[in-house]
Amino acid sequence: MSRRTRRPQPARPTPATCPCGLPAAYDDCCGRLHRGQAPATTAEQLMRSRYSAFAVGDEAYLLRSWHPTTRPPGTGLDPGLTWVRLEILGTTEGSAFHTTGTVEFRAHYTQGGRTGSLHENSRFVRHEGAWVYLDGVTEG
């Protein structure tokens, strides 16, 4: 009996500028978090780094930064979807002095020649001292 194994998706090319929208090089911004060289210090920074992980196809980082009680077995990254821009619409708490926070954002993408966006209010918590994504509510 043969077993089906899931092929790892190739990572997308590393961008020069950070996909998160901050005016910095990827390697100096979210790349440091993706490589484990620095932790996110705020819920917004974690949100930005997770968006960048979607943009560069870093499934391992997405799963590591997800709370263990809500983490799925995989992200199902779609290689045909390209994330093009992130807008942070608002935040509540989520600073270095908080244990919870929310980030409302709109993430713009293209897929099959069409443009679209995802509008979500994400919840973040500290787990074992680190910011992690808990869950989110998408807006219609």
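1. Read along the sequence, the chain runs α-α-α-β-β-β-β, which amounts to three helices and four strands; helices (H or I, at least four residues) and strands (E, at least two) are DSSP runs, numbered from the N terminus. The radius of gyration of the chain is 15 Å, close to the 14 Å that the globule rule gives for 140 residues, so the chain is as compact as a globular protein of that length. That radius is taken over C-alpha atoms, and the globule rule is 2.2 Å times the number of residues to the power 0.38.

2. This is a predicted model, in which local features need pLDDT of at least 70 and side-chain atom pairs count only at pLDDT 80 or more, while totals for chains, interfaces and linings use all residues. Residues are numbered from 1 along each chain as its sequence is written, and side-chain values use heavy atoms, with hydrogens and water left out.

3. An unreviewed UniProt entry carries the annotation "domain: YchJ-like middle NTF2-like" for residues 42-136; its positions are given in the numbering used here, the feature name is shortened, and annotations may be inferred rather than shown by experiment. Over residues 42-136 the chain is 21% helix and 48% strand, with the end C-alpha atoms 17 Å apart.

4. Taken along the principal axes, the C-alpha atoms of the chain fill a box of roughly 50 × 35 × 35 Å. Of the 140 residues in the chain, 34% are buried, where buried means under 20% relative accessible area, exposed over 50%, and partly exposed in between (1.4 Å probe, protein chains only). Among contacts in the chain with a separation of 6 or more, 44% come from residues 24 or more positions apart, a contact being heavy atoms within 4.5 Å.

5. Arg48 deserves a look of its own. Arg48 lies in helix α2 (residues 43-56) and, at 12% relative accessibility, counts as buried. Leaving aside residues up to four places away in sequence, Arg48 touches Cys20, Gly21, Leu22, Cys30, Leu86 and Ile88.

6. Glu93, found in strand β1 (residues 81-93), has a positive phi of about 50° although it is not a glycine. Glu128, which is not a glycine either, has a positive phi of about 55°; Glu128 sits in the loop between β3 (114-127) and β4 (130-139), and at 77% relative accessibility Glu128 counts as exposed.
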